[in-house]
Amino acid sequence: YLDGPGRKDARLLDRNGAIAYATESMRLTTRLMQLASWLLLQRAISAGELSPEDARKEKQRISLTDIGAGHPLSGSDQLPENLMQLVERSLHLHHRILKLDAMLAAKAKAGPQSESPVTEQLDRLARAYKAG
């Protein structure tokens, strides 16, 4: 949208609207790039491509807290509906990723999980049969 129809829409705005459009489109692209970086990092961690230390270093480069909606802009009432829909969808995605990040951080803080009770019982049974 931003490289196609959005450019045409932006030409119809007055000075304040054009500044708001440029600012909001920069916020949008920055937000999406940070979210994509976070998702790619999680995939690399999940695939075992990064050590825990490397993952921590990479995660410090991604800022999920600085990419929210930002302060209101003069001229934002002129922004095209298509841009505003993209912004809202990106903010919704940002909110979901913040939740996931918090869940992963809580899980990491809790440490490694013990085995499930079922697995523990199966292991006990296996040991009992080996001993007997």
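The model is predicted. Mean pLDDT over the chain is 89, and 95% of the residues reach 70 or more. Among the elements of the chain, H2 has the highest mean pLDDT and H5 the lowest. Where pLDDT is low, the predicted coordinates should not be read in detail.

| Helix | Residues | Mean pLDDT |
|---|---|---|
| H2 | 15-46 | 95 |
| H5 | 117-131 | 77 |

**Helix H4**

H4 covers residues 81-110, 30 residues in total. From first C-alpha to last, H4 reaches 44 Å. That is close to the 44 Å expected at 1.5 Å a residue. After the helix comes Gly111, with a positive phi near 90 degrees.

Which residues of H4 are buried? They are Leu83, Val87, Ser90, Leu91, His94, Ile97 and Asp101. An α-helix has 3.6 residues a turn, so residues three or four places apart point the same way. The cover over the buried residues of H4 includes helix H2 and helix H3 (52-60).

**Packing of H2 on H4**

The axes of H2 and H4 lie 10 Å apart, at an angle of about 30 degrees. The crossing is left-handed. From H2, the contact uses Tyr21, Glu24, Leu28, Arg31, Leu32, Leu35, Trp38, Leu39 and Gln42. H4 contributes Leu83, Leu86, Val87, Ser90, Leu91, Leu93, His94, Ile97, Leu100, Asp101 and Leu104. By type, the contact residues divide into 14 nonpolar, three polar and three charged.

Key:
Residues are numbered from 1 along each chain as its sequence is written. This is a predicted model: local features need pLDDT of at least 70, side-chain atom pairs count only at pLDDT 80 or more; totals for chains, interfaces and linings use all residues. Side-chain values use heavy atoms; hydrogens and water are left out. Helices (H or I, at least four residues) and strands (E, at least two) are DSSP runs, numbered from the N terminus. The expected span of a helix is 1.5 Å times one less than its number of residues. Buried means under 20% relative accessible area, exposed over 50%, partly exposed in between (1.4 Å probe, protein chains only). Contact means heavy atoms within 4.5 Å. pLDDT is the predictor's confidence in each residue, from 0 to 100. Axes are lines fitted to C-alpha atoms, for helices over the stretch in contact, and angles run from 0 to 180 degrees between N-to-C directions. A crossing is left-handed if the near helix is turned anticlockwise from the far one by less than a right angle, and right-handed if clockwise. Ala, Val, Leu, Ile, Met, Phe, Trp, Tyr, Cys and Pro count as nonpolar, Asp, Glu, Lys and Arg as charged, and the others, Gly among them, as polar.
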